[in-house]
Amino acid sequence: MHSIGLRLTTIVAALVLTAVAIASSRAAIAIVSRDGNPISNEAQWAANLSRQALVIGVSNYRYTSVIKNAARDADLVSETLRDLGFDVTTVLNPGIRSLKSAFEDYADRLSQEGEVVSVVYYAGHGASLNGENYVFPTDQKIESGNPEKFKADSLSISDASAKIKAAMTGGLSFLFIDTSRTNPFPKPGSRGSHGPLSGDTDPGTGLASVGNDAQTAILFAATEGGEAMDGEGSNGPFAVALVKWLKHANIGHEELMRNVRNDVIKATGGAQIPHSIDELTVSFVFNAVGELDELTNVDPETRAARVLYEQSDGRLAATYEDGSYALLIGVGDYSGASSDKARPAWADLVHVEDELTRLGTVLSTVHGFEVETVFDPTSDELEASLETFVNLHGPKPNARLLVMLSGHGTTTEKFGRKTAWFIPVDAPGLEPRGPFTAKALSLRRIEEWSEIIESKHVMWIFDSCFSGAAIRMIESKSSKEPDGWAEHLHRNPVRRVLTAGSENEEVPAKSRFTETLIRVLSGQETIDEAGDFITGDQLGTYLKRDVIRYNYKQDLPKNTPQSDTIVIEGEEGDVMFAIDPALSAKWIAETAQ
């Protein structure tokens, strides 16, 4: 029997670069406007900006739990900012007077510096109350029923940001707030508040007075109502990710904040999700180093991760800024988990593991996906792998997700309602129905997950004999969009479903469907009507046509792949695949070895 554990193949996706994108980046290593045009004299402007920072870490609380890593995180961030040329003031374990004094002194300093790039980092306990976020000094007390005293004894993020803005004569302000944004008692190991307060305690943005500030960008370590973890090691996950991307050369602050968010989500298994508010009209690079390489000098592997679309003005912009992630689940060794080895309930599918392994290498090498493969899961492992994938990557709004299930499937009907099922290795036969449904995975869960996922483009692929019932059982509609459009397909969300057959058709053990999918996505076959991109709709149409023709020529039973979308309000887009000839050639050469 194959290993039950998750088989993880991780290919870290890198940036897609195009001649246009390179040109914009080279023209503005330090500062560019959001429309891609350089600010006049941006090099001198950036060079003349004073770099100032205030870093605060609070670990030793008197009346609430100690946070072991907060002060260490402050030291780590301070050291990094100094290496990047910032004049840093570090304040550890201040009481309320010292905390407020630190901000007043910092504001005085900013007022004397002229135009400034200001960075404030805070690590410690925090809370949200009445739409505002507060950070705690060491002597913070939480007295139930006394929100006014709570406010007086803590520091408002909005007030601090407004004070900084008022002191600056020009420049940019960054706030990195490494604390929880909850109000009730926190879980152990979090950076949250330590007591309930009366009155309106709905979490808010914490930006009541600075929401329209065009000079300020804020990155919270947690989303509204969420908790920030202190971490198991010597530093918290937010500080580790922040320092990593502050040091990274030649990336704008938008990409920095997005990468920090993704790293924290991954490090905490989706338990902590940072939240950014960015009102800057320029993109700032913290670590500008030299010039970027020309496109011809860039390794083609670094161009796989992001599909680009052409905007109305002809410039290119990234579609999948939060990355591309694939979960491939294959079940073939049914006899290995059967209680009756001589007569298992479901026949083995010997080609599944090889098919999905090769598809995984195509997705990682040619399209920049981070790929996870799971072979021969039990019912519990199947559910856990899907839940983990959805929780980990689903919150990423500009991500492309692909989930494929290959193995046995079937369709049941009760009271005139059909249900499609995917069958893990430990599922018994279809009758009696109770034990079967307790183990098999209902494909109605796909619709539930699709609604939970925030990612822009999601593709579900099923190479199983439940066939087109997976589409019929969900509310769906056919895509009628013509080819040749550009922007709205890339911008808008979609939940596309591809199946290897239509309802009540048997899918062969050796899959022509998956083989064709591999050939198209690897660039070995070309879809004539596709331009620079292959859309999910084009892919589905091509698979249907190819499989029907192949089965007819081989005198095989009819098999009709289906393609459709799960209806989600506002969904008009499609999953996009771009094939780079260099990456395609690389995959073909590696496969031939």
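These legends walk through a few views of a predicted model.

**View 1. The whole protein chain.** Among the contacts with a separation of 6 or more, 77% join residues 24 or more positions apart. The accessible surface is about 24,400 Å², and carbon and sulfur atoms hold 49% of that area.

**View 2. Strand 5 and its partners.** Here we zoom in on strand 5, residues 115-123, where 8 of the 9 residues are buried. Strand 3 (residues 50-57) pairs with strand 5 in the parallel sense, over 8 bridges. To find your place in this pairing, look for A53, which stands opposite V119 of strand 5. Strand 5 also pairs with strand 9 (residues 170-178), again in the parallel sense, with 9 bridges. A handy landmark here is A123, whose bridge partner in strand 9 is D178.

**View 3. The largest cavity.** The model has 2 cavities of 30 Å³ or more, and this view shows the largest, with a volume of about 50 Å³. Its lining is made up of F103, V120, Y122, V135, L155, S156, I157, A160 and I177. Strand 5, strand 8 (155-156) and helix 6 (157-167) each give two or more residues to this lining. What classes of residue make up the lining of the largest cavity? There are 8 nonpolar residues and 1 polar residue, with no charged ones.

Key. Residues numbered from 1 in each chain as written. Predicted model: local features only at pLDDT ≥ 70, side-chain atom pairs only at ≥ 80, totals over all residues. Heavy atoms only, no water. Buried < 20%, exposed > 50% of the residue type's maximum accessible area, 1.4 Å probe, protein only. Helix = DSSP H or I, 4+ residues; strand = E, 2+ residues; numbered from the N terminus. Pairing = 2+ DSSP bridges. Contact = heavy atoms within 4.5 Å. Areas by Shrake-Rupley, 256 points an atom, 1.4 Å probe, with all protein chains shown as cover. 1 Å grid on protein atoms, 1.4 Å probe; cavity = no way out; pocket = protein on both sides within 12 Å on 5 of 7 lines; lining within 4 Å. Points joined across faces, edges and corners; volume = space filled by probe spheres on them. Nonpolar A, V, L, I, M, F, W, Y, C, P; charged D, E, K, R; others polar.
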